[in-house]
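Reader: I am new to this structure and would like to learn how to read its features one at a time. Could you take me through them slowly?

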Amino acid sequence: MNPLLLVEDLAVEFKTRLGKFYVPDGVTFSVFEGECVGLVGESGSGKSTIARILCGIHKPTTGSTQFMGTPLKGWGHREIQMVFQDPDSSLDPRKTVLFSIEEGLRIHRIGNKEERQKLLIETLKAVGLTEDVLSKYPHQLSGGQKQRVAIARCLVLKPKLLILDEPTSALDVSVQAQILNLLMELKREFSLTYILITHDLKIVYHLSDYTMVMYLGQIMEMGQTERIIQEPMHPYTKALVTAIPTVGTDSLKDFSLKGEIPSPLNPPKGCPFKTRCDFAFEKCNERPPLIDFRGRKVRCHLYTEV
Ligand code: SF4
């Protein structure tokens with residue numbers, strides 16, 4: 001089966017006054033139709049840059065992206081839509097909900113006025129909103145309602161791939177579970193494929209089939225979520241799993257994450273996780289390759305390809 005999305009050797013060069021760096025730095029992965037793939041890592045790991053490349057907001061320096069077998073070029077691909085972290089910054093405060101949701105339909109020249117109206121009502125219903133929100137402005141809505149509008153704005157375009165960039169982290173805890181449940185219902189109902197970007201492995205555990213753990217622009221471990229969480233291999237993944245209260249088992253209790261992620265301008269030589277890893281040894285001064293190990297991929301000198 002061909003993947004819906006194929007990303008190969010993706011890298012972005014950032015230039016600053018102090019020098020240049022690459023984040024992401026040579027990332028390769030694929031996403032199959034109907035999957036939910038979680039991209040997890042601390043801020044600065046490169047996961048949001050990958051999302052922006054897929055939406056055409058950012059240009060890669062090297063590497064390629066293919067969607068449904070065709071190279072992705074530029075922005076505005078109707079079948080790839082993105083739900084941003086903060087609905088307050090993704091919705092125009094001066095525009096009504098009607099304008100915000102209908103805008104994409106107009107840009108992509110979908111339907112006449114009547115057909116668009118029908119689509120709007122159906123989409124609002126799907127995200128749990130009623131018609132009365134159409135005349136409202138973002139400041140008249142709750143945080144949860146705003147994120148539902150942001151989801152509706154994507155959904156109305158009938159995308160195949162939804163990129164969810166920290167979709168609940170700007171919301172009250174009480175609303176987060178409702179939005180996550182809504183996203184899972186929509187995935188089933190509309191046969192959607194998700195890339196879920198988050199710093200929270202707990203969310204990935206509940207929603208994703210497949211997980212990629214990123215650190216300083218590189219993939220540290222990737223494989224089936226269940227196995228990654230139940231049996232993490234990379235020391236960084238172990239530290240992230242320890243932070244999930246209901247999963248961080250006794251055998252992992254010593255793997256808490258220490259220190260801060262280094263600056264990408266001055267990354268450690270060799271393994272990027274070296275400065276925070278309790279297992280670092282001499283060989284870690286060399287950059288570890290991403291190897292196949294027992295049905296998953298891991299980048300750590302503690303493991304040898306089998
Ligand atoms: Fe730790 Fe070395 Fe593995 Fe890096 S390669 S995670 S420093 S043991």
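Predicted model: local features only at pLDDT ≥ 70, side-chain atom pairs only at ≥ 80, totals over all residues.

Reader: Let me begin with the packing of helices, then: at what angle do the axes of H3 and H5 cross?

Author: A helix pair is read from the distance between the two axes, the angle between them, and the residues that touch. Here helix H3, residues 97–107, and helix H5, residues 143–155, have axes that come within 7 Å and cross at roughly 25°. Angles under 35 degrees count as roughly parallel, and H3 and H5 are therefore roughly parallel to each other. The crossing in which H3 passes H5 is right-handed. On the side of H3 the contact is made by Val 97, Ser 100 and Ile 101, and on the side of H5 by Val 149, Ala 152 and Arg 153.

Reader: Which residues of H5 meet H6?

Author: From H5 come Gly 144, Gln 147, Arg 148, Ile 151 and Leu 155, and they meet Val 175, Gln 178, Ile 179, Leu 182, Leu 183 and Leu 186 in H6. The contact of H5 with H6 divides into seven nonpolar residues, three polar and one charged. As for the geometry, H5 and helix H6, which spans residues 173–189, pack at an angle of about 20° with their axes 10 Å apart. That angle makes H5 roughly parallel to H6, and the crossing of the two helices is right-handed.

Reader: How far apart are the axes of H3 and H4?

Author: The axes of H3 and helix H4, the latter covering residues 113–126, are 11 Å apart, and the two helices pack at an angle of about 125°. This makes H3 oblique to H4. Their crossing is right-handed, and the contact is made by Leu 98, Ile 101, Glu 102, Leu 105 and Arg 106 of H3 together with Arg 116, Leu 119, Leu 120 and Leu 124 of H4. In the contact of H3 with H4 there are six nonpolar residues, no polar ones and three charged ones.

Reader: Is Leu 120 buried or exposed?

Author: Burial is read from relative accessible area, and a residue under 20% counts as buried. Leu 120, which lies in helix H4, has a relative accessible area of 0% and is therefore buried. Leaving aside residues up to four places away in sequence, Leu 120 touches Leu 98, Ile 101 and Glu 102.

Reader: How many residues of helix H1 are buried?

Author: Burial can be counted along a whole helix as well, and in helix H1, residues 47–54, six of the eight residues are buried, so that the helix is described as mostly covered under the cut-off of 20%. The buried residues are Lys 47, Thr 49, Ile 50, Ala 51, Ile 53 and Leu 54. Just after H1, Gly 56 takes a positive phi of about 80°.

Reader: Which two residues are joined by a cis peptide bond?

Author: The cis bond joins Val 23 and Pro 24, with omega about -5°. Pro 24 has its place in strand E2, residues 19–31.

Reader: How many disulfides are there?

Author: A disulfide is a covalent bond between the sulfur atoms of two cysteines. The count here comes to zero disulfides, for a cut-off of 2.5 Å between the sulfur atoms. Cys 154 is in no disulfide, and the nearest cysteine sulfur, that of Cys 55, is 8.4 Å away. Cys 154 counts as buried at 4% relative accessibility, and Cys 300 is buried with a relative accessible area of 11%.

Methods
Residues numbered from 1 in each chain as written. Heavy atoms only, no water. Buried < 20%, exposed > 50% of the residue type's maximum accessible area, 1.4 Å probe, protein only. Axes fitted to C-alpha atoms, helices over the stretch in contact; angles between N-to-C directions. Helix = DSSP H or I, 4+ residues; strand = E, 2+ residues; numbered from the N terminus. Parallel < 35°, antiparallel > 145°, perpendicular 65-115°, else oblique. Left-handed = near helix turned anticlockwise from the far one by under 90°. Contact = heavy atoms within 4.5 Å. Nonpolar A, V, L, I, M, F, W, Y, C, P; charged D, E, K, R; others polar.
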